[in-house]
Amino acid sequence: KERKYIKITIYQADTKDNQPQQNIERYKQALEHLEKDTDLLIFPEMYTTGFTIDTNFAEDMQGESLEFLKQIAKEKDIAVDASILIKEGENYLNRQFFVTKDSVSYYDKAHLFCLSKEPKVVSRGNKPLIVEYKGWRIKLLTCYDLRFPQWARNNFSQEKGYDYDVLIYVASWADDRISHWEMLLPARAIENQAYVLGSNRIGIDKKGYTYKGASIAINYQGDTIVRAKDNSEEIIYATLDKDTLNEYRKKFPVALDWD
């Protein structure tokens with residue numbers, strides 16, 4: 001059933017690297033206080049391990065990290081979005097999940113970070129994913145994908161309308177390039193006439209990189225709806241309105257001129 005509003009929740013977590021048990025306990029405690037009208041909950045990239053290419057921490061599709069997402073979705077009757085390092089056959093994938101009480105959908109990260117060893121360990125995904133949830137169309141992307149506008153591109157036709165209404169980025173985006181995160185997220189919202197949600201971690205990773213977070217919800221004009229405090233582990237909420245999105249798209253139909 002289509003909903004005019006959906007309430008989204010972003011958890012800006014102080015992820016502890018390669019400590020899945022500790023991280024799951026952290027999420028469990030925080031989610032005891034989750035606002036009950038939440039529709040969609042978003043965690044950062046590789047939410048139980050921090051960004052890692054240590055294959056000792058890869059899980060299969062029956063692993064504890066995915067099971068925990070399923071448990072949350074079922075118990076709270078919400079959708080949950082997060083990524084996990086997954087082993088599938090001989091391949092390792094940075095797999096972003098969209099989990100409801102009835103379904104598990106996933107997107108495998110397409111752009112692997114060339115300045116790290118990620119491309120040597122992780123296999124590249126090549127299939128974009130748009131899920132439908134409560135009448136909203138939602139596209140999933142992961143961290144470094146943010147730098148590639150063609151991969152985020154929305155499309156429009158008179159027959160089918162827009163490909164998606166909401167674009168989600170889960171990330172482990174370090175402070176030394178956080179200004180790019182802060183600029184590119186609003187750009188993706190403006191150029192695609194869609195809401196954009198970015199969930200990033202905070203803290204210090206095992207290599208000494210720092211993360212202030214800058215998790216955010218942005219509207220279709222590139223304006224901030226809500227942003228987490230820097231360097232603060234917290235849960236933020238935003239209500240997305242389908243009517244105002246559709247009105248804006250009609251009033252400013254730039255999609256008719258998209259290439």
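Visitor: What makes strand S7 mostly covered?

Guide: Buried means under 20% relative accessible area, with exposed over 50% and partly exposed in between, using a 1.4 Å probe and protein chains only; 6 of the 7 residues of S7 (residues 136-142) are buried, so the strand is called mostly covered. This is a predicted model, in which local features need pLDDT of at least 70, side-chain atom pairs count only at pLDDT 80 or more, and totals for chains, interfaces and linings use all residues. Residues are numbered from 1 along each chain as its sequence is written, and side-chain values use heavy atoms, leaving out hydrogens and water.

Visitor: How do you know that S6 and S7 pair?

Guide: Two strands pair if DSSP finds at least two bridges between them, and strands themselves are DSSP runs of E with at least two residues, numbered from the N terminus. S6 (residues 130-133) and S7 share 4 bridges, so they pair, and they do so in the antiparallel sense. Within this pair, Val131 stands opposite Ile138, and the hairpin has 2 residues between its strands, with Lys134 in the turn showing a positive phi of about 55°.

Visitor: Which strand runs parallel to S7?

Guide: Strand S10 (residues 166-171) does, joined to S7 by 5 bridges, and Lys139 stands opposite Leu167 in S10.

Visitor: Why are S6 and S15 called edge strands?

Guide: The open sheet of 6 strands has the order S6-S7-S10-S11-S14-S15, with mixed pairing. S6 and S15 (224-227) are its edge strands because each pairs on one side only.
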